[in-house]
Amino acid sequence: MPRALDIPAADGTIDAHLFTPAGAQGPLPGVVLFTDIGGLRPCYHEKAQRLADHGYAVLMPNVYYRDARGGVVPEGKSFRDPDVRPTLFGYAAHLTPEAQSRDFAALLGCLDREPEFADGRIGVVGYCMTGAFALRMAAEYPDRIAAAAGFHSARLAEADDPASPVHVVGTIQGRVYLGHADQDELLPPEQIARMDEALAAAGVHFITELYQGAAHGFTARDAPSYDAAADDLHHRRLAMLLAETL
């Protein structure tokens, strides 16, 4: 069951939630779950708990802690509403690769301190903009990250972006799984190909899968693009990846 915790970080205090299976005994393999651009909200609590129920301790941080504590989408509103999106884009602009790196260090420190987490390598998963976070964390901590996954990831390999994660994946030692929407305007085929080429050139053990008929955001239950069949497949693929690596 979830509990709230505060994590000291270089840029402030990260408010986060830690999920474990009901009745869990003893430390469990750790997984960091990054939300999509909409931040903390009920559908991601459900997602984290479903993952934890497979036998993991799942840490879900508020990626926007620098600007707001807790959920950032007002009650009754959607993260896709035109009057909400500018705020989210403004918060997301603060999540530079350097800021992400400082947060990764804080999150790993939490996993090392909290009793729910077992020693050993961990998994990390991201959605939408944080698919890139998962890859970057795996690249920066190759000895700690056994598995990294991204679903309906955005802008993974823009050719003219020097901060793109495509430039750092060569150091990844863990397994990688990328589940892409095949109708995703935020990750067109040329970017998928560019990322695949970079992973293959580096000898990373990876799988790329296109979710037929799915659109960006297909795992977000509160999005109009939600696809129940694709969401279920994403849960099965993620469970398989973690079972084989953790």
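Select Arg175, Val176, Tyr177, Ile207, Arg237, Met240, Leu241 and Glu244: these residues line the second largest cavity. A cavity here is a set of points on a 1 Å grid over the protein atoms alone where a 1.4 Å probe fits but cannot get out, and lining residues have an atom within 4 Å of a point.

The model is predicted: local features need pLDDT of at least 70 and side-chain atom pairs count only at pLDDT 80 or more, while totals for chains, interfaces and linings use all residues. Residues are numbered from 1 along each chain as its sequence is written, and side-chain values use heavy atoms, with hydrogens and water left out.

Next, colour β7 (175-181) and α6 (228-245), each of which supplies at least two residues of this lining. The most comes from α6, with 4 residues. Helices (H or I, at least four residues) and strands (E, at least two) are DSSP runs, numbered from the N terminus.

The second largest cavity holds about 50 Å³ of space. Volume is the space filled by probe spheres set on the grid points, which are joined across faces, edges and corners. By class, its lining has 5 nonpolar, no polar and 3 charged residues (nonpolar: Ala, Val, Leu, Ile, Met, Phe, Trp, Tyr, Cys and Pro; charged: Asp, Glu, Lys and Arg; polar: the others, Gly among them).

Now move to the largest cavity, of about 80 Å³. Select Ile14, Phe34, Pro61, Asn62, Val63, Tyr65, Gln100, Asp103, Phe104, Leu107 and Phe133 to show its lining. Helix α3 (residues 97-113) provides the largest share, 4 residues. This lining divides into 8 nonpolar, 2 polar and 1 charged.

The tour ends here: the whole structure has 2 cavities of 30 Å³ or more.

Terms used:
On a 1 Å grid over the protein atoms alone, a cavity is a set of points where a 1.4 Å probe fits but cannot get out, and a pocket is an open set with protein on both sides within 12 Å along at least five of seven lines; lining residues have an atom within 4 Å of a point.
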